[in-house]
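Hi everyone, thanks for making time this morning.

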Amino acid sequence: MNEDLDVQRLPYMPLQIERLRKSKAWLRCKRNPEIAFYMVNLWMRAWHEIPAGSIEDDDDVLADAAMCSPEKWEELKDDILKGWDRRDGRVWHSTVIEIATEAVGKLRMNKSRVAAAREARGVQRRSSVTDIVADSVTEPVTDVVTDPVTEHEGKGREEKGIEDKTTSDDVVAVAPSITQDFAFEAQSIRLTAANLEQWRKAFPHVALEAELWALDEWAGTKGNKWFTAVSGALAKKERAAIDRVSTAAAVRDRGGGQRRADPRI
């Protein structure tokens, strides 16, 4: 086991639905649904511990992590902790460790791809500024350079008969923006600290980093329009989150309601 396994940067834990539904642990939860609440709380706590997949082997710590009263913990802990192993003063859950190890592998692979892409861009920049514009950032640079010219100077140029084109000075002026550091960097979605903070303020009800990772592959299909596409997707999720909050508040103000029994249990 990896004693340094760390997935604290991931705000979400993958849930393997069919694997869980077919497990003996979930069968026990069907017979006693209360156990499921405590088990899931322990999994979530273990996910963000270091090493991931483990928790200190102490009844007070474990009861607190499970959000269980000390009295109830003494009664149910043997059932709750089935599937956990004890060693080195901690309890370990092999499935959480397995999923965390896979997640770390994917993060490292993505980081390597991003680093390779960044190095490739660096080689192109060092070869010539022209190569940067032609091969790497044609649309972004063209948008930055030509939009002001088209909107503010286009009419004047037409009157003077000046051809609208990008000069070498224009390229040098915008090229340094390509080298900036990113506060969030996935395969397709790359955001500066300013952009990330703007979205965080614009979409306060959304788990921003988690949604960005989930949207990254889809964003790659949008080409240079990914920023607008992702912004629209986040806005939709923000509206949905606000609707859920409003609905919950309305139900609470009405005094709640009777919950129907789950026929599956």
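What covers the buried residues of helix H2? Among the elements that do so are helix H3 (33-47) and helix H5 (70-80), with contact meaning heavy atoms within 4.5 Å. One note before I go on: this is a predicted model, where local features need pLDDT of at least 70 and side-chain atom pairs count only at pLDDT 80 or more, while totals for chains, interfaces and linings use all residues. Residues are numbered from 1 along each chain as its sequence is written, and side-chain values use heavy atoms, leaving out hydrogens and water.

H2 itself spans residues 24-31, and its buried residues are Ala25, Arg28 and Cys29; buried is under 20% relative accessible area, exposed is over 50%, and partly exposed is in between, with a 1.4 Å probe and protein chains only. These three sit on the same side of H2, because they cover an arc of only 100° around the axis, taken from the directions from the helix axis to the C-beta atoms. On the face turned away from that buried side you'll find the exposed Lys24 and Arg31.

Helices here are DSSP runs of H or I with at least four residues, strands are E runs of at least two, and both are numbered from the N terminus.

Now to strand E3, residues 90-93: Arg90 and Trp92 point one way, Val91 and His93 the other, and all are buried. E3 runs antiparallel to strand E1 (residues 54-56), joined by 3 bridges; strands pair if DSSP finds at least two bridges between them. Isoleucine 55 has valine 91 as its bridge partner.

E3 also pairs with strand E2 (residues 84-87), antiparallel over 4 bridges.
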